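Dear colleague,

I am passing on a structure for you to look through, and my notes on what turned up in it follow below. Please read them with the model open beside you.

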Amino acid sequence: MGFGGYSHEAHAAISRARADLPQQQIFTQKKCHPLMDPRGVKQRESRDSPAHPRSLAVVFALDVTGSMGEIPVTLAKKELPAFMQSILDLGVADPQVLFMAVGDARSDRAPLQVGQFESAAAEMDQWLTRSFLEGGGGEYGQESYELALYFAARHTDVDCARKRGKRGYFFMTGDERPYPRVSRSEVEKLIDDGLDEDLALDAVVRELSETYHPFFLIPDEARRARCERPWRDLMGDHVVCMGSPSDTCLVAAALIAITEGADVATVVERMKSAGVDGARVGAVVRAVTPYASTLGRDSAASPALTDAALPRGDGESRHKRP
């Protein structure tokens, strides 16, 4: 997938038309849309084409449990066109975006929903708003994030990595702890894969990192304490705590910019040029600076750290601190 051209004007018009609509008129699904059911899906594909010769795969895996449903709504009403414009301004000519919706396999009816990679505004928006915002969630502070990680690792085929050795981007939003293993029985039931045994989550993250730069985005400081430690053990400095759920697209765009070579000062200038207000600019900078410092792109001297000072799991970020 990923055909069609992107128009920021068309995308912004879609968002403006629904800015004042209630959530129920935008996300109308009462169950998993048949086209987003992952069962039996072999691959979701991000492909080069004459119109998009250098595709870049971007996955948003959105927690849609009760405490997290505001993020997909914000993307649909306002923020997604700004994200697309931001990465286009980076010189990323052919971004292709796929949406997943994540719940809990032990209590929800639709714990994993998967769209297609798309380049055009209308198609991209269609998959986002097809998501069933179930509003459920797990009982013990865990959600089935591991199923989305597994699906992206084994059921996406992206030309940016396969043809050019350039990893795409995987953004997971969430505010709970992950289950430590990918359940063989849940994968068989929900995706129709046959595994010989459960898979350790850290092994799945390593596999995903061969194709994507994976990030876990915590919505705000209030929810940081209950989930940060296990995610940081898995992903190191690819765990990012935002100032607000509404900053998801700005933070994701900034992380792409920094990974692609920009420093924090450049990110700040781009946000100001786009009319982002000063308070939000500051919140985004606070969120992304720890990651930028691992690449020497924080526009300040990096602190001297000993190995003992590094957080556990730092190696999973695939970046070395000085």
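Helices (H or I, at least four residues) and strands (E, at least two) are taken here as DSSP runs and numbered from the N terminus. Residues are numbered from 1 along each chain as its sequence is written, and side-chain values rest on heavy atoms, with hydrogens and water left out. Please keep in mind that this is a predicted model, in which local features need pLDDT of at least 70 and side-chain atom pairs count only at pLDDT 80 or more, while totals for chains, interfaces and linings use all residues.

I begin with Asp125, which sits in helix α4 (residues 121-130). Burial is judged by relative accessible area, with buried meaning under 20%, exposed over 50% and partly exposed in between (1.4 Å probe, protein chains only). Asp125 is buried, with a relative accessible area of 8%, and, not counting residues up to four places away in sequence, it touches Ile14 and Arg18, where contact means heavy atoms within 4.5 Å.

Next come the helices. In α1 (residues 8-17), His11, Ala12 and Ser15 are buried. Seen down the axis of α1, these buried residues fall within an arc of 95 degrees, so they line one face of the helix; the arc is that of the directions from the helix axis to the C-beta atoms. The buried residues of α1 pack against α3 and α4, whereas the face turned away from the buried side carries the exposed residues Glu9, Arg16 and Ala17.

Helix α5 (residues 145-154) has nine of its ten residues buried, so it is largely enclosed by the rest of the structure. Among the buried residues of α5 are Tyr145, Glu146, Leu149 and Phe151.

Leaving aside neighbours within four places in sequence, Phe171 is in contact with Val58, Val59, Phe60, Ala61, Phe215, Leu217, Ala252, Leu255 and Ile256.

Where is the open space? The largest pocket holds about 460 Å³, and of the 21 residues that line it, the closest to its centre are Ala82, Ser86, Leu250, Ala274 and Val276. A pocket is, on a 1 Å grid over the protein atoms alone, an open set of points where a 1.4 Å probe fits, with protein on both sides within 12 Å along at least five of seven lines, and lining residues have an atom within 4 Å of a point. Its volume is the space filled by probe spheres set on the points, which are joined across faces, edges and corners. α3 (70-89), α10 (248-259) and α11 (264-273) each supply at least two residues of the lining, and α3 gives the most, with six. By class, the lining has ten nonpolar, five polar and six charged residues, where Ala, Val, Leu, Ile, Met, Phe, Trp, Tyr, Cys and Pro count as nonpolar, Asp, Glu, Lys and Arg as charged, and the others, Gly among them, as polar.

A few single residues remain. Lys78, in helix α3, counts as exposed at 58% relative accessibility, and its C-alpha atom is 9.4 Å from that of Ser246, 168 residues apart in sequence. His213 lies in strand β11 (residues 212-218) and counts as buried at 10% relative accessibility; leaving aside neighbours within four places in sequence, His213 is in contact with Arg167, Gly168, Tyr169, Phe170 and Thr259. Finally, Asp192, in the loop between α7 (184-190) and β10 (199-200), has a positive phi of about 70 degrees although it is not a glycine, and Asp192 is partly exposed, with a relative accessible area of 43%.

With best wishes
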